[in-house]
Amino acid sequence: MVYMLKFCASWVLPPGLFIILLIILTVYLTKISTRAAVFVGIGTLIFYLLCTGLVAERLMGHLEKAYSPPEKIEETGADVIILLGGGAIRDVKDVDGVGVLCASPASRLLTAVRLQKNLDLPILLSGGHVYSDSGSEALISSRVLKSLNVPEEKILLETKSVNTTQNAIFSTEILREKNFKRPIVVTSAFHMKRAVLNFSQQGFEVIPYPTDYTVSHHPQFRYTKLRPQAEALLLNVTVMQEVLRTAVTEIFNI
């Protein structure tokens, strides 16, 4: 009963409400122009599918499975951990100061801390001040790491980058300066393919350690996955953005 209520409710809230309106428009257009009705109908179907968890978990799952964490990370010869930023808010009160990480980079940081504790490696925090109202990702991450008892001497900062390409460019400058050879890159699973590509273009073969997974890699069908959800649409847009950005990186080396 609970799942049926959720399924029904999704059709009276956006984006389900918009889909219903588009269906009504399609029916109305059949009386005016068959070609227009077909065009709107196909667009409505595509929009609906992109709003379903059924499609989102498969597209995002395919992207997230590009790399898997190493089975025995301690045997990889890694000498540094690189944590890629992914968004921060500068003026929000936190436990030990002001400024917080957004959800994805916070998840990435948790994985990086656990790796640091297990391997006793330095962490290079990569991420600058992207927007005027966002926080400096590396600085906020550094404060959080210290509050989690990561020694200050184990923390390196790269505070100039505003995208993944710059993450790689400025981080590899520090790697060469400090004579690091085998970096572990920690970032969200959906973002890992592009991150590896950017570091490769800077001459570094990194050890991918994906985290911050968003979907199951062994999904099972249930009818609620056919309901339209804004969350599913966001996942599918994220996949399309990553595919486009990866293609641009491969073609233009940027």
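In this predicted model, the contact between helices H7 and H8 is made on one side by Thr164, Thr165, Asn167, Ala168, Ser171 and Thr172 of H7, which meet Arg194, Ala195, Asn198 and Phe199 of H8. Sorted by residue class, the residues of this contact comprise 3 nonpolar, 6 polar and 1 charged. The two helices, H7 spanning residues 164-178 and H8 spanning residues 192-201, have axes that come within 9 Å and cross at roughly 45 degrees. Because angles under 35 degrees count as roughly parallel and those from 65 to 115 as roughly perpendicular, H7 is oblique to H8. The crossing in which H7 passes H8 is right-handed.

Arg194, one of the H8 residues that meet H7, also takes part in a salt bridge, in which its side chain meets that of Glu242 with an N to O distance of 2.7 Å. Since Arg194 belongs to helix H8 and Glu242 to helix H9, the pair ties together parts that are 48 residues apart in sequence. Are these two partners buried or exposed? Arg194 counts as buried because its relative accessibility is 9%, below the 20% limit for that class, and Glu242, with a relative accessible area of 4%, is buried as well.

Side chains of opposite charge can pair when their charged atoms come close. By the rule applied here, the count of salt bridges comes to 7, and the pair of Arg194 and Glu242 is one that meets it.

A further salt bridge joins the side chains of Glu57 and Lys225, with 2.9 Å from N to O. Glu57 sits in helix H4 (residues 53-64), whereas Lys225 sits in the loop between strand S7 (207-211) and helix H9 (230-252), so this pair ties together parts that are 168 residues apart in sequence. Both Glu57 and Lys225 are buried.

Lys154 and Asp120 form another salt bridge, and here the closest N and O atoms are 3.6 Å apart. This pair, too, links distant parts of the chain, with Lys154 in the loop between helix H6 (137-147) and strand S5 (155-158) and Asp120 in the loop between helix H5 (103-119) and strand S4 (123-126), the two residues being 34 residues apart.

Conventions. Residues are numbered from 1 along each chain as its sequence is written. This is a predicted model: local features need pLDDT of at least 70, side-chain atom pairs count only at pLDDT 80 or more; totals for chains, interfaces and linings use all residues. Side-chain values use heavy atoms; hydrogens and water are left out. Axes are lines fitted to C-alpha atoms, for helices over the stretch in contact, and angles run from 0 to 180 degrees between N-to-C directions. Helices (H or I, at least four residues) and strands (E, at least two) are DSSP runs, numbered from the N terminus. Angles under 35 degrees count as roughly parallel, over 145 as roughly antiparallel, 65 to 115 as roughly perpendicular and the rest as oblique. A crossing is left-handed if the near helix is turned anticlockwise from the far one by less than a right angle, and right-handed if clockwise. Contact means heavy atoms within 4.5 Å. Ala, Val, Leu, Ile, Met, Phe, Trp, Tyr, Cys and Pro count as nonpolar, Asp, Glu, Lys and Arg as charged, and the others, Gly among them, as polar. A salt bridge is a side-chain nitrogen of Lys or Arg within 4 Å of a carboxyl oxygen of Asp or Glu. Buried means under 20% relative accessible area, exposed over 50%, partly exposed in between (1.4 Å probe, protein chains only).
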